[in-house]
Amino acid sequence: MSNRSQLISTGKPFQFDRERDAEFERLSTRYPTRESLILPALWLIQEQEGWICQEALAYAADRIGTFASKLYEAVTFYTMFHLHPMGRNHICVCRTLSCWLLGKQEIVDFLKNEIGITPGQISEDGRFSLEEVECLGHCGTAPVVQVNGEFHENMDAGKLKELLATLP
Ligand code: FES
């Protein structure tokens, strides 16, 4: 599992690009309190950069008008937020009960042999990153793998191999 408590500083200022800035302003009118913007703002950062650095978190706190510690609580609680750069293709393997019983370890072992990465690592060429996550909410079709945000159910090593071959 990746380190879920460490914020990394890039040493560079962050700001939303024009598209995310407009989306943030649009969302600002939708919620009754500014703090409701915490999760959407974090999501916009991750959409833009692929991960959330210290400067981006401080920027979002400032835009929302709240303490950075509140965003830190959210970003370290939800495993869908990344606190360090990810591979071009990010693979999440569910490790909770149904998936664990129905073969998640076979999938993790396959990725280790095929790509050479274990959970929490990025492949040397930057093409893949791997993370084990808690229940993805599709327990009836376990084991479940999420690749770049898309769910793949009833997964096994063979299907995953075919899927990986289609990725950039
Ligand atoms: S246990 Fe894996 S999706 Fe729920």
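1. In which sense do strand β1 and β2 pair, and over how many bridges? In this predicted model, β1, which spans residues 89–94, pairs with β2 in the parallel sense, and the pairing runs over 6 bridges. Within this pair, Val93 is the residue that stands opposite Glu132 of β2.

2. The two strands belong to an open sheet of 4 strands, whose order is β2-β1-β3-β4 and whose pairing is mixed. The edges are formed by β2 (128–133) and β4 (150–152), each of which pairs on one side only. From one strand to the next, the twist averages 25°.

3. Helix α6, covering residues 104–114, packs on this sheet and touches β1, β2 and β3 (145–147). The direction of α6 makes about 150° with that of β1.

4. As for the nonpolar cores, the largest one holds 24 residues, and the members that touch the most other members are Phe16, Leu42, Ile45 and Leu71. At least two residues of this core are supplied by each of α1 (18–28), α2 (38–49), α3 (54–64) and α4 (68–77), while the largest share, 6 residues, comes from α3.

5. Leu42 deserves a separate look: once its neighbours within four places in sequence are left aside, Leu42 is in contact with Ile52, Leu71, Ala74, Val75 and Phe81.

6. Apart from that core lies another one, of 17 residues, including Val93, Val108, Leu163 and Leu167.

Methods: Residues numbered from 1 in each chain as written. Predicted model: local features only at pLDDT ≥ 70, side-chain atom pairs only at ≥ 80, totals over all residues. Heavy atoms only, no water. Pairing = 2+ DSSP bridges. Axes fitted to C-alpha atoms, helices over the stretch in contact; angles between N-to-C directions. Contact = heavy atoms within 4.5 Å. Core = buried A, V, L, I, M, F, W, Y, C linked by side-chain atoms within 4.5 Å. Buried < 20%, exposed > 50% of the residue type's maximum accessible area, 1.4 Å probe, protein only.
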